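Here is a short report on a two-chain model.

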Amino acid sequence: MSVAWSDLGAEGQRHAEAHFIAASLAAGLRERERSSEPRPSFADLYAWATDPAHRLAPAQQAMVASDPDLRRGLALLVGRVGQLRAVAAAAASSGGLDRREGPGFTVRLTASRADAAQTYVSIDIDPESWRADSPPAALLVLRSGLPVAKLALPDEPGFALQLIEPTDSDIVRGLRDAGTDLVLV
Amino acid sequence: MSRTRVHIGTTEGPAEIQRLTAEPPEIRSVVCLDGRAVALPISRDYEGFVRRPTGIIERVWGGQAFRMDVGARVTDGLSWQLGAFLAHALHANGRLATSGVAPDAAVWATGEVDAGLAIRPVDEIPRKLELSAELLRGLAPLRPWVMVPAEAAAAASAALDSLGLAAACRLLPVARAEDALAAIGLVLPGAAPRAPDPAPPVRARRKRLMAVGIAAMVLLAIAVPAGWMAVTWRRTFLAWTDQAASGDLIALDQVLDRTGAEAGCLTCGPAVRRFRAWLATNLPDDNGPRIEAEGTQRSPYGGCRPPPPAGPAPVRAALADPSGLTVSTGLCRVRYLASGAPRIALIVSTRQPPDSVAIGAGEAAVTLDLPALYIYASEQRVIALGSKLPLESVLAWLRPQIPPPPAVLPDPLVKRLASVGIAARTLRHRVDPEHGL
C-alpha cells in the first residue's frame with residue numbers, strides 16, 4: 001500500500017526529505033569510493049537544475065548523456081523545478097535564431113554594435129506566468145533532455161532582464177540553436 | 001578637430017569613458033567595464049538617464065540606447081551623470097576621444113544632472129580628487145577641466161590646492177549643463193519651438209464662406225422631398241440587410257465605409273450610422289461568447305482515458321479574462337466549448353499549425369490532444385466569435401489576419417468585427433505538466 005505525499009503532512013514531508021537527502025549523499029559517497037569518475041548523484045543533478053553557479057563536470061555530462069536513468073531523472077527534475085519552458089523551435093530557419101518564445105517568456109538575442117563578439121540576451125517574462133515566490137535564478141538550455149548551457153540571471157527586480165554574453169559562448173550558441181529547449185528556474 | 005577625453009570622478013578612483021556606441025533601440029542602455037561583456041550595476045540608472053521619458057540624452061541628442069564603456073568600476077550613485085552627459089555631447093559632435101586616440105583636451109567631472117539640466121551637488125568631492133590626483137598630474141600638459149557642482153566650488157578649490165594641482169587644472173564650478181558644454185566649445189542643439197504661422201486673413205474669410213456654404217447645403221438637403229428619401233433609403237437598407245443576412249459582412253462593411261465617405265452625399269453618413277447601429281444589435285446579448293475548457297487528467301501510467309461513468313468528473317473551468325492566463329495542470333486532452341450566441345465560431349491555436357476550427361449554432365467545440373512530453377507546458381490560444389449573423393465568410397476573411405499565437409486578436413480587428421455585429425474574445429490557456437509522476 002502506498003502513501004500519498006500529501007498524506008504525510010508537513011512534518012512527515014520534512015522527515016522524508018531528510019531521509020532522501022541522506023540516502024542520496026550516502027549513495028554518492030559510496031560511488032566516489034568505488035570510482036574515480038563518479039556517476040552524478042541526485043544531489044549533483046539537483047544542484048545543476050537549481051543552483052545558477054553549479055556546473056556539471058564534462059565526465060558527468062557524458063554519463064548523463066549515456067545513462068537513460070540519469071537522463072530521465074534529470075528530465076523529471078527539470079520538469080519539476082522549471083517554471084517556464086520553451087520547446088525546441090520548429091526547424092523553419094537554416095540560420096541561428098535571434099528570438100525564442102515559450103509560454104510566458106521571450107528571449108531575444110541582439111548583436112552589440114560596439115563589439116560583434118558580444119551579444120545582448122534580453123529575457124522578458126510575463127509576471128502573471130511566473131508563479132514562484134522568488135525571481136528566476138537561471139535559464140537552462142537543454143537538447144533532448146541533456147544539459148547544453150546555463151545562464152545565471154542577475155538578481156534584479158522586475159521581469160525584464162538583460163545580460164551581455166560572448167557571441168561564441170555555449171549559452172548564446174545554445175539559445176540560437178533551434179533544436180534546444182529552454183527552461184527558466 | 002580636437003578630441004576631448006572624459007573621466008568620471010568616483011570614490012573608488014577615476015573612470016575613463018573609453019567609448020560610446022549607439023546600440024539597437026530594443027536594447028536597454030548599458031555601462032560596461034573596459035570593453036568586456038560585464039554590465040555594471042549602474043546600467044539601470046544609465047538607461048533611465050538616456051531614454052525618454054526620464055532620459056535627457058534622447059531628448060537632447062536623440063538615440064534610444066547606448067553602450068558606454070568605462071575603464072574602471074563605477075559602482076553606484078548618480079555623480080557619473082555630468083561626465084556621461086559631456087561624453088554624449090562630444091560623441092554627438094564627433095569629438096569624444098575614445099580609447100587609443102590621443103586627446104587634445106581632458107575633462108574630469110562629477111555631478112548629477114537633473115531633468116532641467118541643472119547640476120545637483122554630490123558627496124565626497126575632495127576624496128574623489130585625492131583618488132584622481134595621479135591622473136590629473138599626468139594630464140597636466142592638457143590643463144584638464146575639473147568640473148564640479150557650483151555648491152562644491154570652495155571644497156574642490158581647497159582640495160586642488162592641498163594636492164598641488166591648482167595650477168595644473170582648470171576648476172569649473174557648474175550650475176547648469178550648458179556651462180560645462182560652453183567650456184569645451186559646445187552648445188545644446190538649438191531646438192527653439194516654432195510659433196505656429198498665423199492664418200492669413202484671406203484664409204479666415206474663405207473659411208467663413210465655406211461654413212456659410214455648408215449651412216446652405218444642409219438646408220438644401222433638408223428641403224429634399226421626404227418621400228424621395230424614404231423610397232431611396234428603403235431600397236438601400238433592404239439591400240444591406242439582405243447582404244448582412246447572407247453573412248457577407250466584410251463586403252458589407254466596405255460598402256458602408258464607401259457610402260459613408262461619399263463626397264457630396266449629405267444623407268449618406270447618417271444613413272450608414274443608422275444601419276451600423278442596427279448591425280450592432282446582432283452582437284450577442286450577454287456581452288460576447290463564453291469559453292469553457294473541459295480537461296481529462298493524464299493517467300499516472302501515461303495514458304489518456306476519459307474517466308469511467310462513476311469516476312471523477314472531468315476538470316472544467318471557465319477561462320479567465322483576456323488580460324489573464326488560465327493555468328491547468330496535468331491534462332492530456334482538452335475540449336474547448338464556446339457558447340452564448342446564436343452563431344458561434346471557435347479557433348484554437350497552438351504553436352504548431354494548423355489551427356482547429358469549429359462553427360456551430362448556439363455552441364461550437366474543439367477537442368485537442370496535448371503532446372505527451374511530460375516536462376513541457378503547452379499553451380493554447382482560443383478565439384471565439386459570436387453573433388446573430390452567419391460567420392462562415394467572416395471567418396474565411398479573418399483567419400489570414402490573425403497573428404500567430406500567443407498574440408491575442410488585435411484591437412482594431414476586434415473593433416472592426418464589432419462594427420458588423422460580431423463579438424470576439426481571445427483567451428489563453430496553459431496546461432502545465434503533472435509533476436511527481
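## Salt bridges

In chain B, the side chains of B:E178 and B:R176 form a salt bridge at 3.2 Å, N to O. The term covers a side-chain nitrogen of Lys or Arg within 4 Å of a carboxyl oxygen of Asp or Glu. B:E178 is partly exposed at 29% relative accessibility, and B:R176 is partly exposed at 33%. Over all chains the structure holds 17 salt bridges.

A:R108 and A:D124 meet through their side chains at 3.1 Å, N to O. A:R108 is buried at 18% relative accessibility. A:D124 is partly exposed at 29%. Strands here are DSSP runs (E, at least two residues), numbered from the N terminus.

B:R5 and B:E16 also form a salt bridge, at 3.6 Å, N to O. B:R5 sits in β1 (residues 4-8) of chain B and B:E16 in β2 of chain B, 11 residues apart. B:R5 is buried, with a relative accessible area of 11%.

## Model and conventions

This is a predicted model: local features need pLDDT of at least 70, side-chain atom pairs count only at pLDDT 80 or more, and totals for chains, interfaces and linings use all residues. Residues are numbered from 1 along each chain as its sequence is written, chains are lettered from A and ligands numbered from 1 in the order in which they are written, and side-chain values use heavy atoms, with hydrogens and water left out.

## The chain contact

Chain B gives 34 residues to the contact and chain A gives 35 (heavy atoms within 4.5 Å). The interface has one salt bridge. B:R428 makes a salt bridge with A:D126, with the closest N and O atoms 3.6 Å apart. On the side of chain B that touches chain A, β2 (15-22), β3 (30-33) and β16 (423-432) each supply at least two residues.

## Strand β3 of chain B

B:V30 and B:C32 point one way from β3(B), B:V31 and B:L33 the other way, and all are buried. β3(B) pairs in the parallel sense with β4 (residues 66-70) of chain B over four bridges. Pairing requires at least two DSSP bridges between two strands. B:V30 stands opposite B:R67 in β4(B).

Note on methods. Buried < 20%, exposed > 50% of the residue type's maximum accessible area, 1.4 Å probe, protein only.
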